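Please look over the structure shown here before reading on.

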Amino acid sequence: MTDSNQTSNPNDSPPSPPPSNNELALQRTEMAKQRTGLAEQRTEMAEKRTGLSIQRTDLAAERNDLAMVRTALARERTRAAEERTLMAWIRTALSMISFGFGIDRLFKYLDKTEASTGINVLTEERILGLSLMSLGLFTLVAAIINHWRILKNIETEEYEYTPGWSQGLTVAIVLLFLGLAAFIPLVINGVTLGEVFTLDSQILQTLAALAIFLLMLTLGVKTELADLVILWRQPQLLMRALVAALVLFPVGAGVIGYVLLKDTSVGITIGVGLVALAAAPGAPLLTTRATMAGGNVAIATSLQVTLATLAVVTTPITLFIFTTIFTNVEANGEFLLIAKQVIMVQFLPLGLGLLVRRLGGESAANIGELLTTVANTLFIVLTVFLIGLSWVLLPTVPWRGFAVIPPVVLFGLACGHWLGGPELGNRSSIATGVIARNAGLALFLVAANGAPRSIPVIIAYMVVGAITALPYNIWIKKQQQAAIAPTTP
């Protein structure tokens, strides 16, 4: 009898019999052959690695040989460079010895021929010549010693850099003081600064024109056209800026000038200078001054272009109003001449710069950097000439001229800051734009009206105005730094 819980499955196959010993032996033999094959492969790979190691060793040896060759070549290049350095010092020393010898022989010849009337050949001139000869001999001796020391250091197996004193710096300092010793007595005794630094100088006029032209050209290359009209997109800020620069500043300058200069003998001279400055907005260097004052460069650029554009109309109107109110002040502004001056000095280079930026594509940035370097260098040279010009002209300004400038500048700063809105950058740009007058246009107006005695007043305004505005610029920058500084609990 079968169990009802157990059923048979017809698909179940009978269990396979276990492998025999012979079959197991054959399987072990196959596996042994496979292990033997793997061992042979490992042996071949080890032989290949050994060959690669030998090759790497050979390559390392070759690299060591090449490194030794490069080291030798580097020593040779260093030695050749040192030889060239020595030859350069020989030329420098020979030049100084030759100049010194020539100066000494010249004044000795003048002494013998009695042609040196009034020349003390035993002091300044011959001392300069002997000093140059001595410096040349010292330079040559120091160069020989330094050359020998460096060659010995190169020949050692373990070369070590040993910093020492700078021979070039030493010679440059000595030459600087020798040059000053010769230049200062010449300037004091033989040359009048007024003959060098004068507004009639063609060099100074050309330098000023080139500097302003390059600065405006650089401004055009580095500025997007949209940035030039950014102030026009803010009508309220634009109107406040124009009111401050074209209305409040001229009114304040007129009132302050009248109060401080009335019933004085120099009132007319100083007043004409103030009138010319009040009628000449849109300084070409407004962007540079706004940058130094921590202002918004885009706003300053747009304001500069706007004021320069409107100056063609506002300058004659301002002059007409002043001549109507102050009958003792005669001033006239020719519309076409003013327009030509503004176009040539500002609009032409600015337009060329915008054209270069548009056509230059990716290279416009490189062109802008190059122009910036050239313009800044030329501006520094112009600044040196302006300092010399100020040194000559400022002493001719009456003290009342120096007294009237700070109140006018402070009034302009207050108006621009008050109407510049809540942002410090905009306030600084507009305040700077109010007080930064177009000195070139003002000088043109003074010359056109036959008032050369008022020219020093304009130069004084540029110098004294910048000094007066300096505390305001420092205060603005401190306020900006405090605004962006992280607050600490």
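Does Trp475 count as buried or partly exposed, and at what relative accessibility? At 38% relative accessibility, Trp475 counts as partly exposed, where buried means under 20% relative accessible area, exposed over 50% and partly exposed in between, with a 1.4 Å probe and protein chains only. Tyr472, by contrast, counts as buried, because its relative accessibility is 12%.

This is a predicted model, in which local features need pLDDT of at least 70, side-chain atom pairs count only at pLDDT 80 or more, and totals for chains, interfaces and linings use all residues. Residues are numbered from 1 along each chain as its sequence is written, and side-chain values use heavy atoms, with hydrogens and water left out.

The structure holds one aromatic pair. The ring centres of Tyr472 and Trp475 are 6.3 Å apart and their planes stand at 35 degrees, so the pair is tilted; rings of Phe, Tyr and Trp (its six-membered ring) pair if their centres lie within 6.5 Å, and planes under 30 degrees apart count as stacked, over 60 as edge-to-face and the rest as tilted. Both residues belong to helix H16 (residues 455–484), three residues apart, about one turn of the helix.

Helices here are DSSP runs of H or I with at least four residues, numbered from the N terminus. In helix H8 (residues 267–278), 11 of the 12 residues are buried, so H8 is largely enclosed by the rest of the structure; among these buried residues are Gly267, Ile270 and Leu277.

Just after helix H7, Asp263 takes a positive phi of about 60 degrees.

Notes: Helices (H or I, at least four residues) and strands (E, at least two) are DSSP runs, numbered from the N terminus.
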